[in-house]
Amino acid sequence: MPEAPTPPRDPNPADSGDAARLHLLEQQLAALFDVSSVLSRSLELRETLRQVLRTLHDRGRVCSGMVSLLDPDTGDLLVAALHHDDISPFEKIRYRPGEGVIGQVLENNEPCVLQRLGDEPRFLDRLGLFDADLPFIGVPVRIGQDDIAGVYALQPPEVDALLPQRARFAEMVANLIGQAVRLSRSVEDERRALREERDTLRRQVKGSHGFDNIIGHTERMRLVFEQVRQVAKWNTTVLLRGESGTGKELIASAIHYNSPRNGGPFVKLNCAALPDNLLESELFGHEKGAFTGAQAQRKGRFEQADGGTIFLDEIGEISPAFQAKLLRVLQEGEFERVGGGRTLKVDVRIIAATNRNLEQEVRDGMFREDLYYRLNVMPILMPALRERVEDIPELARFLVAKLAKRQGRELSITDSALAVLMRHHWPGNVRELENCMERAAVMSEGGIIDRDVLNLTGLDVGSLPEVLLAATPTAGPSPAADIDLDAPDVDERERVIAALEQAGWVQAKAARLLGMTPRQIAYRIQTMKIRVKQF
């Protein structure tokens, strides 16, 4: 007999369930790959989160989704991103811990899975985003073991038996979001710290180069200050004139940091330090292979100073051949790199300085007349220190205070030492005074700089007065001459020195001023180790 045909088998429900889970797993793996790709593209957090939600909708079978982040100041959850663009403005919507379904996830730090959202009495529906007839999955977004960054919530498109698997997938996505939030906040903190540091440094630099930090109260210095205040407002080319050591670089810094260009670079170059061939490369830059050793392209000082100021010190030292190359930059703001053919244009303010007599050099043919007039738009003449002797005491005290801070100890300078400083000729100007004060600070064991310490620095205090006072008719009276000999707070040694100063270093007259005998004052001079001037 023929065998009966085998009846068709009923499909196994377990097989269909396995197939559904396999299909869901494949979808979720593809969605996780896309989500990780989106999160690695940008540090703009809100826009990145929106793209993540859009990717989950397109590839991860998510109907609706939102990401809310924790406000570190209030502890509330603020909505950071939604999938739908047509939702009303959500920036002001917030959830407190324990408030609604979202707040409950934050408070419990545990996932929340609901078969039907409408059956949950804590559902607030503030956004109008979620469908009450669909399931709901909410998971915390963690950035550490215990730290929570926010809550990620989504809705699958239908109710099915694979809701636990979907919840597990949501936790994976939340972990990826948490790492992105942590990285974004870390970068933002670093940016904020850098901005604050930049602003602080700018304030410090501007403060250190402000007019209040330039010492001088004589008529000549007040004129310089007024010129600097006026010229700093504009982009005018400035030519600083004066002897070496008078503070031309300090004035150039004050002009830049008090000008509208103070946010741009301030580039300095000593033109006397380089020969012409290197000076051209240093100022204009060079292309790769322009000369032996030019292994890469290099920007010059003019390019580096674009949008700011360039300070050309010792401008009178450049050769006539290089003067012609520099003239074009000053006139047109254009130049070519060494070895290059492309014309570059920059916006740079020029401040130049020199201690040479440019007018005489123009007459002698050593300096181009057109370059001289291009530089000499706003000349500022810095007075020599011997022409403003009245500023020496304040300058000396300022330098001593700076040295005390550098050496980490108390330093002071006596009036008798100031009197000696005011009688010196100072051919090296403020730079020489600064060097003298540093030597005196080194030689001062007790931290008090007086006449004897100045003598140890090499400043000959015994041969100063008559000749040098005749050479500096503008010098004011000695500070020691103003000391009240009867004041109780005056040191005994200072009182003796002041009396000697007032008596022209005649001991008998000084003794009468102090109510002493010549023998008594001679004894004090010897015991206090006061060096007596010889005339």
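**Entry 1: Glu501 and arginine 451**

I looked up glutamate 501 and found it in a salt bridge with arginine 451, the closest N and O atoms being 3.6 Å apart. I count a salt bridge when a side-chain nitrogen of Lys or Arg is within 4 Å of a carboxyl oxygen of Asp or Glu. Glutamate 501 belongs to helix α17 (residues 492–502) and arginine 451 to helix α15 (residues 451–456), so the pair ties together parts 50 residues apart in sequence. Helices (H or I, at least four residues) and strands (E, at least two) are DSSP runs, numbered from the N terminus. I noted both glutamate 501 and arginine 451 as buried. Buried means under 20% relative accessible area, exposed over 50%, and partly exposed in between, with a 1.4 Å probe and protein chains only.

**Entry 2: Basis of the values**

I am reading a predicted model, in which local features need pLDDT of at least 70 and side-chain atom pairs count only at pLDDT 80 or more, while totals for chains, interfaces and linings use all residues. Residues are numbered from 1 along each chain as its sequence is written, and side-chain values use heavy atoms, with hydrogens and water left out.

**Entry 3: Other salt bridges**

How many salt bridges does the rule give? The count comes to 31. I then checked glutamate 243 and arginine 386, whose side chains meet in a salt bridge at 2.5 Å, N to O. This pair links distant parts of the chain, 143 residues apart: glutamate 243 is in the loop between β7 and α6 (248–257), arginine 386 in the loop between β15 and α12. Glutamate 243 is partly exposed because its relative accessible area is 29%.

I also looked up arginine 337, which forms a salt bridge with glutamate 287; the closest N and O atoms are 3.0 Å apart. Arginine 337 sits in the loop between β12 (334–336) and β13 (343–345), and glutamate 287 in the loop between β9 (285–286) and β10 (298–299), so the bridge ties together parts that are 50 residues apart in sequence. Arginine 337 counts as buried because its relative accessibility is 6%. A network of salt bridges links Arg328, Glu334, Glu336 and Lys345.

**Entry 4: The sheet**

I traced an open sheet of five strands in the order β8-β11-β14-β7-β15, with parallel pairing. Two strands pair if DSSP finds at least two bridges between them. The edge strands, each pairing on one side only, are β8 (266–270) and β15 (378–381). From one strand to the next the twist averages 20°. I followed β11 (residues 309–313) along β14 (residues 349–354) and found parallel pairing over four bridges. Leucine 312 stands opposite alanine 352 in β14.

Helix α5 (residues 219–231) packs on this sheet and touches β7 (238–241), β14 and β15; its direction makes about 155° with that of β15. Contact means heavy atoms within 4.5 Å. Axes are lines fitted to C-alpha atoms, for helices over the stretch in contact, and angles run from 0 to 180 degrees between N-to-C directions.

Is aspartate 391 buried or exposed? Aspartate 391 counts as buried because its relative accessibility is 2%. I placed aspartate 391 in the loop between β15 and α12 (392–407). Not counting residues up to four places away in sequence, aspartate 391 touches Gly216, His217, Thr218 and Met221.

Glutamate 394 is in helix α12 and is partly exposed at 34% relative accessibility. Leaving aside neighbours within four places in sequence, glutamate 394 is in contact with Ile215 and His217.
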